[in-house]
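The report below goes through a model one region at a time, moving from single residues to the whole. Please keep the sequence and the structure in view while reading.

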2 protein chains.
Amino acid sequence: MKSDDFEAWIALEQRSVERALETWVPTDAPAGLGEAMRYGVLDGGKRLRPLLVLAASEAVHGNAEAALRAAVAVELIHAYSLIHDDMPCMDNDVLRRGKPTVHVRYGQAQAMLAGDAMQALAFDVLTPDGDAVPPALQARLCGLLARSAGHAGMAGGQAIDLASIGVALDEASLRDMHRRKTGALLQASVLMGAACGATSAQARKALSDYGAAIGLAFQVVDDILDVTQASETLGKTAGKDEHHNKPTYVSLMGLEAARQHALELRDQAHAALAASGLSSAARLALLADKVVERDS
Amino acid sequence: MKSDDFEAWIALEQRSVERALETWVPTDAPAGLGEAMRYGVLDGGKRLRPLLVLAASEAVHGNAEAALRAAVAVELIHAYSLIHDDMPCMDNDVLRRGKPTVHVRYGQAQAMLAGDAMQALAFDVLTPDGDAVPPALQARLCGLLARSAGHAGMAGGQAIDLASIGVALDEASLRDMHRRKTGALLQASVLMGAACGATSAQARKALSDYGAAIGLAFQVVDDILDVTQASETLGKTAGKDEHHNKPTYVSLMGLEAARQHALELRDQAHAALAASGLSSAARLALLADKVVERDS
């Protein structure tokens, strides 16, 4: 696949996810709640998780309506986690995607409620009436999303993160934290996309390995960018890991070794796709490159 | 049905819900998260929502495993909402079910995460592997729960509540707020229980009406108890509506008219059950009485 085609595909799918979010995130929720929800999720981000869902679904010739709903649902979970993570009792951050964070704009109470409502909305979007998404697939998608967002996944990783400030973690502990905090939802994005079609056990295992590798690669690169990029490029506060005395791959391994590790994880992701037996996984391979080569 | 039998049934089902929560709310979630989750939901409350699920399921001869999971899921959503609602940026309450609130005990960040993880766990519990709960029923239960917890239901009602402090609401606006804030999840409890079995359209409509009536009755009685009972009886801070200058049924209608209104809503609930065509709705009728006659 040519790189131009891939960029065009990304732009196309980003627009389709944006349109779906525009439709499904309510304009009419009461007392400003809808406005805070929309502020927290529209017009922002690279939509990496939705792209993973859509590319994985494409690789297994999945149900397109289900895949779009899954893409929106993972993005809602991701966006809610950022809103809560930015709050004063957590990271106390004021800048996100180049804009004031939700609690700065709408107050802490509304920010907490907006996040809570977005988590519920994710499961709402996954369970439409009618038969466009078979009920068994709806249930499967809800289960994958719930388990990746909850105590064994994202929320658990955030709890470890909270407890780890100023604590010396070894690489295994750091890996465990990130596998949960960011890795679980990235991997779930791949698995949810794969669930939208028929897959062999071999392909499912391979896609799960792919998801695990890029989930970790994403965090390693995040740690690298936190020390190498300015806040303007990132659209969020740079250097905050060091400022908060948080352990990172860079503080643990050094910058060059962290860069090398990211490349190894990309290679693992490619190897998993090669072992999947899937003939249309080219976009997943390019997404792995993008995760590692991004500069923001 | 004799009142003794009903109380024995309540005690039996409360124990079964407690055992299920003990099993499904994790002991091993990382970094203290599981402990905060368990503190927030175990050993507490009357379990009214689970009892409504179980009684409604019984009325339609529903799938018992599904009903127990639905009962636990609604209680998890209820408990998470209390944890978030008690936080300093919301009601800033320090006492709940006679114990320090979760953020007082574990800090605000852990309390927010515990609530977030409990919402995810609710959908996790509803989507078990295996065939004990048919996937189509899993999807239906997830959808009902998501819509009652989200912007159109509980979270939306809380946003109205936030915005209404010190504002003169008329009865219609107050009713709309409560229909969402507490009514939606109480009604969903009934509908989720009913979804566990086969029902006629007539029965579904009647159970929906029953759920709406007791949902509102619950709130009217809550407002009455807030002014008539001491904190020790309630296990939470009494008189806080007046203190926060929040509109209530009592401030709007006066105490006697509010009591009368609660009795009317109970009668509406009974009438709905009579119109349902269901032969085994006796426990739902007694639960309506209990909602109105409770003293805490």
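## Two loop residues with positive phi

Ala31(A) lies in the loop of chain A that runs between α1 (3-24) and α2 (33-41), where helices (H or I, at least four residues) and strands (E, at least two) are DSSP runs numbered from the N terminus. The phi angle of Ala31(A) is near 55°, which is a positive value in a residue other than glycine. Most residues other than glycine have a negative phi. Ala31(A) is partly exposed, since 19 other C-beta atoms lie within 10 Å; a residue is called buried if 20 or more other C-beta atoms lie within 10 Å of its own, exposed if 12 or fewer, and partly exposed in between, with C-beta atoms placed from the backbone.

In chain B, Asn92(B) has a positive phi near 50°, and this residue too is not glycine. Asn92(B) sits in the loop between α4 (64-85) and β1 (95-96) of chain B, and with 14 other C-beta atoms within 10 Å it is partly exposed.

## Numbering and confidence

Residues are numbered from 1 along each chain as its sequence is written, and chains are lettered from A and ligands numbered from 1 in the order in which they are written. This is a predicted model, in which local features need pLDDT of at least 70 and side-chain atom pairs count only at pLDDT 80 or more, whereas totals for chains, interfaces and linings use all residues.

The mean pLDDT of chain A, pLDDT being the predictor's confidence in each residue from 0 to 100, is 93, and 94% of the residues of chain A reach 70 or more. For the complex, the predictor gives an ipTM of 0.95 and a pTM of 0.95.

## Chain A as a whole

Chain A holds 15 helices and 2 strands. Its radius of gyration is 18 Å, close to the 19 Å that the globule rule gives for 296 residues, so chain A is as compact as a globular protein of that length; the radius is taken over C-alpha atoms, and the rule is 2.2 Å times the number of residues to the power 0.38. The C-alpha trace of chain A spans about 50 × 50 × 35 Å along its principal axes, and 55% of the 296 residues count as buried.

Two residues are in contact if their C-beta atoms, placed from the backbone, lie within 7 Å. Among the contacts in chain A with a separation of 6 or more, 74% join residues 24 or more positions apart.

## Where the two chains meet

In the complex, 42 residues of chain A are in contact with 42 residues of chain B. On the side of chain A that touches chain B, α2, α6 (108-125), α7 (135-149) and α8 (154-163) each supply at least two residues, and the largest share, 12 residues, comes from α6(A). The residues of this side divide into 26 nonpolar, 13 polar and 3 charged, where Ala, Val, Leu, Ile, Met, Phe, Trp, Tyr, Cys and Pro count as nonpolar, Asp, Glu, Lys and Arg as charged, and the others, Gly among them, as polar.

Chain A can be laid on chain B with an RMSD of 0.0 Å by a turn of 180° and a shift of 0.0 Å along the axis, when the copies are superposed by least squares on the C-alpha atoms of residues with pLDDT of at least 70 in both. The two copies are thus related as by a two-fold rotation axis. The same surface serves both copies, as 100% of the contact residues of chain A recur in chain B. Of the residues of chain A, Ala139(A) comes closest to the rotation axis, with its C-alpha at 2.3 Å.

## Buried elements and residues

In α8(A), 8 of the 10 residues are buried, so this helix is largely enclosed by the rest of the structure. Its cover includes α4 (64-85), α7 and α9 (171-195) of chain A together with α2 (33-41) and α6 (108-125) of chain B.

Phe123(B) belongs to helix α6 of chain B and counts as buried, with 31 C-beta neighbours inside 10 Å. Leaving out residues up to four places away in sequence, Phe123(B) touches Phe123(A), Cys142(A), Ala146(A) and Cys142(B).
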